[in-house]
Amino acid sequence: MRLSRSPVLEALLPSDRSVLLGRAVSRRLTRGERLYVAGDSGNRLHLVVRGALKLTGADARGNETILFLALPGDLVGDVAAVDGRPQPLDAVAASPVTALGLDAELFAGALHRSADRDHAAAPGSGPGHGL
């Protein structure tokens, strides 16, 4: 399976990205099938590899609104995965979809290490440059 480029995944340390993708779980969905629904746990985020996922919400009357269309390379469920809250939206296949389920804890750790690396590399962040 050819992975689509994802700016978020590309920003991770190569070793973290390798572990994260090595433990990923592939999901194939048919059109109309749900990847997750609002209220599901955020223990996984998903990388869209093929197809399109629509992220939808419903108002008090049950009317569905498409809030985002995720295409190859997009991550979905990442906010819930990082903040530990339930998924706020439904993710529904708008076409046949292949997505990789990524472990939320591994992803959060990788994000922190990447941020630490970027902070350490920033100009003026070395020893003697504090306030």
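This is a predicted model: local features need pLDDT of at least 70, side-chain atom pairs count only at pLDDT 80 or more; totals for chains, interfaces and linings use all residues.
**Exercise 1. Describe how β4 and β5 pair and what lies between them.**

Solution. Strand β4 covers residues 53-58 and strand β5 covers residues 64-70. Their pairing is antiparallel, over 6 bridges. One of the bridge contacts joins L53 to A70 in β5. The two strands form a hairpin with 5 residues between them. In the turn, G62 has a positive phi of about 90 degrees.

**Exercise 2. Find which residue forms a salt bridge with D16, and state whether D16 is buried or exposed.**

Solution. The partner of D16 is R113, and the closest N and O atoms are 3.0 Å apart. The pair links distant parts of the chain: D16 is in helix α2 (residues 14-22), R113 is in helix α4 (residues 104-121), and 97 residues separate them. D16 has a relative accessibility of 12%. Buried means under 20%, so D16 is buried. R113, with a relative accessible area of 39%, is partly exposed.

**Exercise 3. Carry out the analysis for the salt bridge of D90 and R34.**

Solution. The closest N and O atoms of D90 and R34 are 3.3 Å apart. D90 counts as buried at 18% relative accessibility. R34 is partly exposed, its relative accessible area being 41%. How many salt bridges does the rule give for the model? The count comes to 3.

**Exercise 4. Give the strand order of the open sheet and name its edge strands.**

Solution. The open sheet has 4 strands in the order β1-β8-β3-β6, and the pairing is antiparallel. The edge strands are β1 (25-29) and β6 (75-76), each of which pairs on one side only. For β1, the pairing with strand β8 (residues 97-103) is antiparallel and runs over 5 bridges. Within this pairing, V25 stands opposite G101 in β8.

Technical notes. Residues are numbered from 1 along each chain as its sequence is written. Side-chain values use heavy atoms; hydrogens and water are left out. Two strands pair if DSSP finds at least two bridges between them. A salt bridge is a side-chain nitrogen of Lys or Arg within 4 Å of a carboxyl oxygen of Asp or Glu. Buried means under 20% relative accessible area, exposed over 50%, partly exposed in between (1.4 Å probe, protein chains only).
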